[in-house]
Amino acid sequence: MMTKDSTMRDNIDEIPSGGIGIKIIGKIADKLSYTRTSDGRNCLLIVKYYQQPGLVPSQHSIQDGFFKRSIDVLNRLNFFGVQKQRNRQPDPSSNEQVPKTSLQLKLNTDIKAVAQVLSWLELLDPLPIPLGVLHQCKLAVIEGFTNAVRHAHKNLPLETPIEIEIMVFNEHLEVKIWDWGEPFDIQAKLKEELHQKSLY
């Protein structure tokens, strides 16, 4: 007899791949880079700014609804336990930008760990992040993680770690995803995708 959980477990492998993640991340991010670090890893950096002060974010925009539905579908796949880590830092009196909240997660190279990522991302829910930005951030993290598993770590052992960090500031958030794959030029890839789209 097939249970609901086993059906969901099988469906995790059906998460789209093949460059879709890079396109989605490229549309979400206000700043995007993929650089080699001194320790031989790659770091995908996604920066998303909140709306300008004084503007009221739409609670029910079509785009927000799309991102929320995407996250809701992925959340249904959440059937694993998860280790959560949350470090709150006080707001300093100086003008330096220090994260109000920093979340870290370290996972093996396993597409089924996306359920752990989704559960861990729930730590962002109570934070004062505009709803649309919150849904976009969650989707970008899921896409970044699945890209690392499917592409960067394609031929690497399951034990190869992928690390994720989210830092929440007053006016923006930053997502960093570290992998051990071969580096590539993310901006060139995005331009190539845009060029291919314009040809059709």
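User: What is the overall make-up of the protein in helices and strands?
Analyst: The protein has six helices and six strands. Along the sequence they follow the pattern α-α-β-β-α-β-β-α-α-β-β-α. Of its 200 residues, 44% count as buried.

User: How do you know which contacts in the protein join residues at least 24 apart?
Analyst: Take the contacts between residues at least 6 apart in sequence. Of these, 72% join residues at least 24 apart.

User: Why is the pair Lys-48 and Asp-30 called a salt bridge?
Analyst: The N to O distance between their side chains is 3.9 Å. The cut-off is 4 Å between a side-chain nitrogen of Lys or Arg and a carboxyl oxygen of Asp or Glu. The value is within 4 Å, so the pair qualifies.

User: What does the pair of Lys-48 and Asp-30 tie together?
Analyst: Lys-48 belongs to strand S2 (residues 42-49). Asp-30 sits in the loop between helix H2 (20-28) and strand S1 (31-36). The pair therefore ties together parts that are 18 residues apart in sequence.

User: Is Lys-48 buried or exposed, and what makes Asp-30 partly exposed?
Analyst: Lys-48 has a relative accessible area of 13%. Buried means under 20%, so Lys-48 is buried. Asp-30 has 43%.

User: What makes Asp-39, Arg-41 and Glu-163 a network?
Analyst: They are linked by salt bridges. Asp-39 pairs with Arg-41, with closest N and O atoms 2.9 Å apart. Glu-163 also pairs with Arg-41, and there the closest N and O atoms are 3.0 Å apart.

User: Which labels do the accessibilities of Arg-41, Asp-39 and Glu-163 give?
Analyst: Arg-41 is at 13%, under the 20% limit, so it is buried. Asp-39 is at 39% and is partly exposed. Glu-163 is at 25% and is also partly exposed.

User: Why are S1 and S2 said to pair?
Analyst: Pairing needs at least two bridges, and S1 and S2 have six, so they qualify. The sense is antiparallel. Arg-36 stands opposite Asn-42 in S2. Five residues lie between the strands of this hairpin, where Gly-40 takes a positive phi near 90°.

User: How do you know that S4 and S5 pair?
Analyst: They share seven bridges, against the required two, so they pair. The sense is again antiparallel. Leu-103 stands opposite Ile-166 in S5.

User: What makes strand S4 largely enclosed?
Analyst: S4 covers residues 101-107. Five of its seven residues are buried, so the rest of the structure largely encloses it.

User: Why are the buried residues of H2 placed on the same side?
Analyst: The buried residues in H2 are Gly-21, Ile-22, Ile-25 and Ile-28. They cover an arc of only 130° around the axis, which puts them on the same side of H2.

User: Is His-172 buried or exposed, and where does it lie?
Analyst: His-172 lies in strand S6 (residues 172-179). Its relative accessibility is 5%, under the 20% limit, so His-172 is buried. The C-alpha atoms of His-172 and Tyr-49 are 4.1 Å apart, though 123 residues separate them along the chain.

User: Why is the link between His-172 and Glu-174 called a polar contact?
Analyst: Their side chains are joined at 3.1 Å. The cut-off is 3.5 Å, so the distance falls within it.

User: What is the mean pLDDT of the protein, and where is it below 50?
Analyst: The mean pLDDT is 76, and 62% of residues reach 70 or more. Over residues 52-62 the pLDDT is below 50, and this stretch has five contacts beyond near neighbours in sequence. Residues 78-96 also stay under 50, with 42 contacts beyond four places in sequence. Where pLDDT is low, the predicted coordinates should not be read in detail.

Conventions
Residues numbered from 1 in each chain as written. Predicted model: local features only at pLDDT ≥ 70, side-chain atom pairs only at ≥ 80, totals over all residues. Heavy atoms only, no water. Helix = DSSP H or I, 4+ residues; strand = E, 2+ residues; numbered from the N terminus. Buried < 20%, exposed > 50% of the residue type's maximum accessible area, 1.4 Å probe, protein only. Polar contact = N/O pair within 3.5 Å; in protein donor to acceptor, adjacent residues only side chain to side chain. pLDDT = per-residue confidence, 0-100. Contact = heavy atoms within 4.5 Å. Arc of directions from axis to C-beta.
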